[in-house]
Amino acid sequence: MKKLKVLVVSAASVALLASMAVTAKPVGIVKGVMEVAGISRNQDNKATIHPAFAKTSRPCPPFCIQPTNPFAPAAVETVSELDIIHAIRDIAKGDNSKMVIDARTPVWTTAKKGGTIKGSVNISFKKLNSKAIAKDPDAVIEILTSKFGVTEQDGIFNFTKAKTLYLFCNGLWCGQSPAAIRALLSLGYPENKLKYYRSGMNAWHSLGLSTVGK
């Protein structure tokens, strides 16, 4: 009788443990796709957003909500996470006609601040905005010609082989990538070769998409 009681208690314990076990359901990028070019989503169904992006009420100005198209009448396309992932995939496969640019200051690319998107290149908006053009135009020209595929002769830019640039910053409340895009437009960069990831790192983290950072 005593043995039977022990067995019953043991079975009940096993049942309790089983009921407490958490089995995470797969978290794909889209249906049937778990990973693209090293980018995936957090598989922990109870994961929450990175603390660096938990704040909801940053003072405006300067952290004001960005319009869907801050560059009108220029037809700069506003893109989604999937467009960024596809661009990263193409770059990983050797497509040199595209570049994904993290336009934030370098501190935001660290793990402490949430890192950045794998495959992106950090070029701070401070190196590309209107102030940078006025202060050190040669440094801006260097970025255009050495990184973006632009050629220049006698002060005239040729954008024929310029890369298509996907720029992002911290999200809907961040004006850093828009500042860089406006500066590029002012230099004649073709609007069809500029893409604006408006949702930025705030949305990237909210979707549990993987990041890299030191």
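## The disulfide

Cys-60 and Cys-64 form a disulfide, with 1.8 Å between their sulfur atoms. The model is a predicted one. A disulfide is a covalent bond between the sulfur atoms of two cysteines. The link of Cys-60 and Cys-64 is right-handed, with 100° about the S-S bond. Searching the whole structure turns up one disulfide.

How accessible is Cys-60? Its relative accessibility is 48%, so Cys-60 counts as partly exposed. Cys-64 is also partly exposed, at 23% relative accessibility. Two further cysteines are buried. Cys-169 has a relative accessible area of 1%. Cys-174 stands at 3% relative accessibility and counts as buried.

## The chain as a whole

The chain has 214 residues, and 37% of them count as buried. Its secondary structure comes to six helices and nine strands. Consider contacts between residues at least 6 apart in sequence: 66% of them join residues at least 24 apart.

## The parallel sheet

Five strands make up an open sheet. Their order is E3-E9-E8-E4-E5, and the pairing is parallel. Which strands lie at the edges? They are E3, residues 77–78, and E5, residues 121–122. Each of these edge strands pairs on one side only. Strands of a sheet pair through backbone hydrogen bonds, either parallel or antiparallel.

Strand E8 covers residues 164–168, and strand E9 covers residues 194–197. The two pair in the parallel sense over four bridges. Tyr-166 stands opposite Lys-195 of E9. Helix H2, residues 81–92, lies across E4 (98–102), E8 and E9. The helix runs at about 125° to E4.

How many salt bridges does a search of the whole structure find? The search finds five. One of them joins Lys-195 and Glu-77, whose closest N and O atoms are 2.9 Å apart. Lys-195 lies in strand E9 and Glu-77 in strand E3, so this pair ties together parts that are 118 residues apart in sequence.

Is Lys-195 buried or exposed? Lys-195 is buried, with a relative accessible area of 14%. The cut-off for buried is under 20%, so Lys-195 at 14% falls within it.

Asp-90 is buried, with a relative accessible area of 16%. Arg-89 counts as partly exposed, at 29% relative accessibility.

Ser-97 is found in the loop between H2 and E4. Ser-97 is partly exposed, with a relative accessible area of 38%. A polar contact of 2.6 Å joins its side chain to that of Asp-95.

Which residues does Ser-97 contact, leaving aside its neighbours within four places in sequence? They are Lys-163 and Thr-164. Thr-164 falls within E8, which spans residues 164–168. Ser-97 and Lys-193 are 96 residues apart along the chain, and their C-alpha atoms are separated by 9.8 Å.

## Helix H5 and its cover

Helix H5 spans residues 176–186. Its buried residues are Gln-176, Ser-177, Pro-178, Ala-180, Ile-181, Ala-183 and Leu-184. An α-helix has 3.6 residues a turn, so residues three or four places apart point the same way.

What covers the buried residues of H5? The cover includes helix H3 (130–135) and helix H4 (137–147). It also includes strands E8 and E9. Just after H5, Gly-188 takes a positive phi of about 100°.

Notes:
Residues numbered from 1 in each chain as written. Predicted model: local features only at pLDDT ≥ 70, side-chain atom pairs only at ≥ 80, totals over all residues. Heavy atoms only, no water. Pairing = 2+ DSSP bridges. Contact = heavy atoms within 4.5 Å. Axes fitted to C-alpha atoms, helices over the stretch in contact; angles between N-to-C directions. Salt bridge = Lys/Arg side-chain N within 4 Å of Asp/Glu carboxyl O. Buried < 20%, exposed > 50% of the residue type's maximum accessible area, 1.4 Å probe, protein only. Polar contact = N/O pair within 3.5 Å; in protein donor to acceptor, adjacent residues only side chain to side chain. Disulfide = S-S within 2.5 Å.
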